[in-house]
Amino acid sequence: MTAPVDDLRAAIQRSRAILALTGAGISAESGIPTFRGPGGLWRSYSPEQLATPDAFARDPLLVWTWYDWRRGIIRGAEPNPGHRALAELEKLKGAGFTLVTQNVDGLHERAGSRRVVKLHGDIWKVRCTGCGASSVNDEVPLPELPPRCSCGALLRPGVVWFGESLPEDEWERAVEASRGAEVFLVAGTSAAVYPAAGLAALARARGAKIAVVNPEDTPLDGLADWVLRGLAGEVLPRLAG
Ligand code: NAD
């Protein structure tokens, strides 16, 4: 009998369309706290209390102080072998590989991934709450908190908050790639945040095989053809090799 990791690697080699869905767990080995794991709490606030339009309306300084702190951690972090393995798979598979991430940290791109669908935005972008202008801002720390647009209105982080809809074009790309995937690889996500977590069921309904890479149980395990219990940085390089 082949080990599940070898079996999955063979399936990936055979298949023409692979989708990898990643979450905060893939960046955990780079030292970036996940939302729900240890270190996910900041000054005793949960992300659900900070990453929302209501929290920002109530206290933009508090929310921006948290984002400024997270941007500082991300700035000091490096992509890990998990990110690099997915960039390697993209090189091997070309247009047959799509990476869909819930992460906003940009580490996939820094590892070399190019075909990245960013479902939850980008922590290095800001958007004006007044004039709507969007721009890249990579200053760490920000010189003024909360930051303001040249039009005078408050800027907000260019990320999707709890309760907000996903960017339409990114979502459509993710749905299309899910429908066409032969192997759907879920790495480092608790699969608790919808609609992203629903993509696996969509792929499965179209005949995709599902693989989960996570050190903990996830709600998708029951749907999965392979459940690889382990760290993304250890398991993913064995799939790309
Ligand atoms: P989550 O915190 O809910 O879950 C993280 C998952 O990763 C858990 O299932 C955990 O068991 C697993 N995990 C931890 N270490 C791992 C490792 N080394 N290898 C593989 N798996 C590991 O995060 P989520 O599922 O991404 O939740 C979605 C939300 O979190 C999104 O909205 C996303 O924007 C946000 N988020 C992003 C970042 C980031 O950009 N790095 C960080 C925190 C949260």
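Colleague: Which helix gives the most to the lining of the largest pocket?

Modeller: Helix α4, residues 60-75, gives the most, with 3 residues. Please keep in mind that this is a predicted model.

Colleague: How many residues line the largest pocket, and which lie nearest its centre?

Modeller: The lining has 47 residues, and Gly23, Ala24, Thr34, Phe35 and Arg36 lie nearest the centre. The space in this pocket is about 920 Å³. By class, its lining divides into 24 nonpolar, 16 polar and 7 charged residues.

Colleague: What makes a space a cavity and not a pocket?

Modeller: In a cavity a 1.4 Å probe fits but cannot get out, whereas a pocket is an open set of points. Rolling a probe the size of a water molecule over the atoms shows where empty space is left. Searching the whole structure gives 1 cavity of 30 Å³ or more. The largest cavity has a volume of about 90 Å³.

Colleague: Which residues line the largest cavity, and which element has the largest share of that lining?

Modeller: The lining is made of Ile32, Pro33, Thr34, Phe35, Gly39, Gly40, Pro47, Trp66, Trp69, Arg70 and Ile73. Helix α4 has the largest share, with 4 residues. The classes come to 7 nonpolar, 3 polar and 1 charged.

Colleague: Why is Gly39 called partly exposed?

Modeller: Its relative accessibility is 46%. Buried needs under 20% and exposed needs over 50%, so a value in between counts as partly exposed. Gly39 sits in the loop between β1 and α2. Leaving out residues up to four places away in sequence, Gly39 touches Pro33 and Trp69. Its C-alpha is 23 Å from that of Arg110, 71 residues apart along the chain.

Colleague: Is Lys118 buried or exposed, and how do you know?

Modeller: Lys118 is buried, because its relative accessible area is 13% and the cut-off for buried is under 20%. Lys118 belongs to strand β3. Not counting residues up to four places away in sequence, its contacts are Thr101, Gly106, Glu109, Pro167 and Glu170.

Colleague: Glu170 is also listed as buried in α7. How do you know that the buried residues of α7 line one face of the helix?

Modeller: The buried residues of α7 are Glu170, Ala174, Val175, Ala177 and Ser178. Seen down the helix axis, they fall within an arc of 170°, so they line one face. The face turned away from the buried side carries the exposed residues Glu168 and Glu176.

Colleague: What covers the buried residues of α7?

Modeller: The cover includes β1, β2, β3, β7 and α8.

Colleague: How do the spans of α7 and α4 compare with what is expected at 1.5 Å a residue?

Modeller: Helix α7 has 13 residues and reaches 19 Å from first C-alpha to last, close to the expected 18 Å. Helix α4 has 16 residues and reaches 22 Å, close to the 22 Å expected.

Colleague: Which residues of α4 are buried, and what covers them?

Modeller: In α4 the buried residues are Pro60, Leu62, Val63, Trp64, Thr65, Trp66, Tyr67, Asp68, Arg70, Arg71 and Ile74. Their cover includes α2, α3, α6, β4 and β6.

Note on methods. Residues are numbered from 1 along each chain as its sequence is written. This is a predicted model: local features need pLDDT of at least 70, side-chain atom pairs count only at pLDDT 80 or more; totals for chains, interfaces and linings use all residues. Side-chain values use heavy atoms; hydrogens and water are left out. Helices (H or I, at least four residues) and strands (E, at least two) are DSSP runs, numbered from the N terminus. The expected span of a helix is 1.5 Å times one less than its number of residues. Buried means under 20% relative accessible area, exposed over 50%, partly exposed in between (1.4 Å probe, protein chains only). The arc is that of the directions from the helix axis to the C-beta atoms. Contact means heavy atoms within 4.5 Å. On a 1 Å grid over the protein atoms alone, a cavity is a set of points where a 1.4 Å probe fits but cannot get out, and a pocket is an open set with protein on both sides within 12 Å along at least five of seven lines; lining residues have an atom within 4 Å of a point. Grid points are joined across faces, edges and corners, and a volume is the space filled by probe spheres set on the points. Ala, Val, Leu, Ile, Met, Phe, Trp, Tyr, Cys and Pro count as nonpolar, Asp, Glu, Lys and Arg as charged, and the others, Gly among them, as polar.
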